[in-house]
Every structure is written in C-alpha cells, then in structure tokens.
Amino acid sequence: LIRQKSVVVLPLNPISICSHPPAVIHLESTNEETEMGKAMESPKEQSSYTVEQLVAVNPFNPEILPDLENYVNEQVTSQTYSLDANLCLLRLYQFEPERMNTHVVARILIKALMAMPAPDFSLCLFLIPERVQMEEQFKSLIVLSHYLETGRFQQFWDEAAKNRHILETVPGFEQAIQAYATHLLSLSYQKVPRSVLSEAVNMDGASLDKFIEHQLTNSGWIVEKEDGSIVLPQNEFNHPELKKNTGENVPLEHIARIFPILG
C-alpha cells in the first residue's frame, strides 16, 4: 500500500485560541483509509447523521452551525432539551461571532432556566460574550435566573410579567418554573401554607385548587382541613434524621484504661 500524509488540525479551547496557533499533527494513512474518509464525508451520508452524532463526532465544525440553530428551534416546538447541543452551538459562536443569532441564544437561555435546579443557565452564560449579555433581553434573563436561584418567586413572577414577549416564545416555560418552585418548597417545608404556595407558583383561586388537586393525586400531597395548608411528603431535606456513625465509636473498656493514666 502507498502511504500518504494527511494533516489534521486540532481545535483549541475557545479561551486560548487568541493566544496560540492551532496545533497540527501529521498522520500517516493508507490509500484505503483515505478513500474511507472521503466516503464518510459525502453529503449524502452527512445528511443522515442526527444532531447528537454531529456534535459527538466533530463539535468544532462550523458547517454544523445551521443544523444546531435549527435544532434549538426544534427543541422549542417539541418541548425537548439537549444541553450538549446548545453548548456546542454557543462555543461555535465564540469562533464565529459574526454569525451569532441573538434570538437563538435567548431561546437557549430560556430553556436553561426551565431546567433548574440544574446549573445549565450558568454553563450557557459563561460562553456568551459580555457585550451580548449587556443587551436588554439578556439582562432580564439574568435577573430572572438570580430570583429563581434565591427562591424569590414573587419578584420572579413580577419580572417575568414585564418580559412576557420574550418568555412566551418558548412553550412550557411557566409550567417548568412551577415544577421547580414546588421542588424547592418540598426541600424547605414539611407543611406549606396555601398563601406561600400561591406566591411560589403564581396561582390563586380555582387555578390553584386545580393545581393542588393534581399534586394530591400524583405527588402525595395532603391538605389539612383546619387551615388548608399542604403537608408535603417527607424527604431527607425537610425531615432530617440524626444518623449514628458507628464507625467512630470507642468501646467503653478502652476509655476505662485511660482513667488511671490521667489520674
């Protein structure tokens, strides 16, 4: 077999790309391997790859950028979520900032908010340039993230109402935040007053009654007849128990041997 030399350019970390040239490695390949590589790169076969496969095989290829943008819109319409694909798109925007679509970036951040308590919002925000973060819509999303992280739900819903035109572009946002709110309450309360629950999920009246009824059926909530407060299922956070560490117990006879020495 006749051996040929091919050159592979390895992408660098986006943070260090400005200060170092790309690393180049020379590899030897046979004619058969070269032909196989050409076959794998044919447009017909590339079109059959899923977005997840494209991200896994070549996450730094700028040619997949339109596919990733379309995939963000697909996540919005189908109410699915892929953090890896969204992070890959934000990294590609770092390499080619002139191709950045701020509407797509906003949708990525909203989907990340919906994934709380996972730290996805911070992971995405680290890849967005500061000049972009200073745009009004992104400043509002950062404020909303802060309110959620600190459990300040009344302030969150008030701020969300001011930015409804941004948030309504992603279906299921309100329901996702309500699920996060009930999760946070379950970590903090054994019994939550109805007023606190109403503030956390931004509901009252008949809509709140329907929400509570759903939780009674699916999450094991119990409503007390006396004051209408909700008893939440016990977990290791709202009902902690002292655990004895038997591994550090010292037998009494060992302690008794020390007394004569101390005396």
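In which sense, left-handed or right-handed, does α4 pass α6? Before I answer, a word on what we are looking at: this is a predicted model, in which local features need pLDDT of at least 70 and side-chain atom pairs count only at pLDDT 80 or more, while totals for chains, interfaces and linings use all residues. Residues are numbered from 1 along each chain as its sequence is written, and side-chain values use heavy atoms, with hydrogens and water left out.

To the question, then: α4 passes α6 in a left-handed crossing, a term that applies if the near helix is turned anticlockwise from the far one by less than a right angle, with clockwise giving right-handed. The element names come from DSSP runs numbered from the N terminus, where helices are H or I with at least four residues and strands are E with at least two.

Two packed helices are described by the angle between their axes and the distance between the axes. Helix α4, residues 65-78, packs against helix α6, residues 102-114, at an angle of about 45°, and their axes are 10 Å apart; here axes are lines fitted to C-alpha atoms, for helices over the stretch in contact, and angles run from 0 to 180 degrees between N-to-C directions. α4 and α6 are therefore oblique to each other, given that angles under 35 degrees count as roughly parallel, over 145 as roughly antiparallel, 65 to 115 as roughly perpendicular and the rest as oblique.

On the α4 side the contact (heavy atoms within 4.5 Å) is made by Glu69, Val72, Asn73, Gln75 and Val76, which meet Val104, Arg107, Ile108 and Lys111 in α6. The residues of this contact of α4 with α6 divide into four nonpolar, two polar and three charged, where Ala, Val, Leu, Ile, Met, Phe, Trp, Tyr, Cys and Pro count as nonpolar, Asp, Glu, Lys and Arg as charged, and the others, Gly among them, as polar.

The axes of helix α9, residues 136-149, and helix α10, residues 153-162, cross at roughly 160° and come within 8 Å, which makes α9 roughly antiparallel to α10. The crossing of α9 past α10 is left-handed. Ser140, Val143, Leu144, Tyr147 and Leu148 in α9 meet Phe153, Gln155, Phe156, Glu159 and Ala160 in α10, and by class this contact has seven nonpolar, two polar and one charged residues.

Also in helix α9 is glutamine 137, which is buried at a relative accessible area of 18%, buried meaning under 20%, exposed over 50% and partly exposed in between, with a 1.4 Å probe and protein chains only. Leaving aside neighbours within four places in sequence, glutamine 137 is in contact with Thr102, Ala106 and Ile166.

Next, the backbone in the loops. Methionine 116 and proline 117 are joined by a cis peptide bond with omega of about 20°, and proline 117 is found in the loop between α6 and α7. Glutamine 79, in the loop between α4 and α5, has a phi near 55°, a positive value in a residue other than glycine.
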